Amino acid sequence: MRLLLMSDTHLPRRAKALPGELLERLPHADVVIHAGDWVDLATLDLLQERARRLIGVYGNNDGPELRARLPEVARAELAGVRLGVVHETGAARGRERRCAERFPDLDVLVFGHSHIPWDSTAEGPRGPLRLLNPGSPTDRRRQPYCTYLTAAIEAGRLTAVELHRLPPRR
């Protein structure tokens, strides 16, 4: 199973559209995950139309229309992997401990908000919890690149997690 992970698209404020590279990957992903701060309904509609399966949550910059269509926290079991998605996890310091306590039933937690790519593991009560933030494909803030993640699930395990750097917009 192939996953495409993104967050903090902030369209159309930070960019006019999703990057072409990201759109080209949509048909190849079995599941697309968006960890909030869509800002516009058009991006949600686009991903719902093009993705085989979409798992998304709302973020702190998402208005009432997006909040009406998306949960604050999403959970799904994907080929034996217990996955959760949330926008905010708080400060980087202590994140692993907080998330392991808040989400003891998960194997993987995808989050956003900071626009900073993140990949770490926390020891939880039921085993390790993998924490992933794909960064933002449209707003790098103080990061050197706009980013997103791809991953796979094989034999009930998350594998092939890869951070993709996008070329600067012209």
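**Reading strands and one histidine**

Guide: Met6 stands opposite His34 in strand β2. This is a predicted model, in which local features need pLDDT of at least 70, side-chain atom pairs count only at pLDDT 80 or more, and totals for chains, interfaces and linings use all residues. Residues are numbered from 1 along each chain as its sequence is written, and side-chain values use heavy atoms, with hydrogens and water left out.

Visitor: In which sense do β1 and β2 pair?

Guide: Strands are DSSP runs of E with at least two residues, helices are runs of H or I with at least four, and both are numbered from the N terminus. Two strands pair if DSSP finds at least two bridges between them. Here β1 (residues 2-6) and β2 pair in the parallel sense over four bridges.

Visitor: Which way do the side chains of β2 point?

Guide: In a regular strand the side chains alternate between the two faces of the sheet. From β2 (residues 31-34), Val31 and Ile33 point one way, Val32 and His34 the other. All four are buried, meaning under 20% relative accessible area with a 1.4 Å probe, protein chains only (exposed is over 50%, partly exposed in between).

Visitor: What does β2 pair with over three bridges?

Guide: That partner is strand β3 (residues 54-56), again in the parallel sense. His34 stands opposite Gly56 in β3.

Visitor: Where is His164, and is this residue buried or exposed?

Guide: His164 lies in strand β10 (residues 157-166). His164 is buried, with a relative accessible area of 7%.
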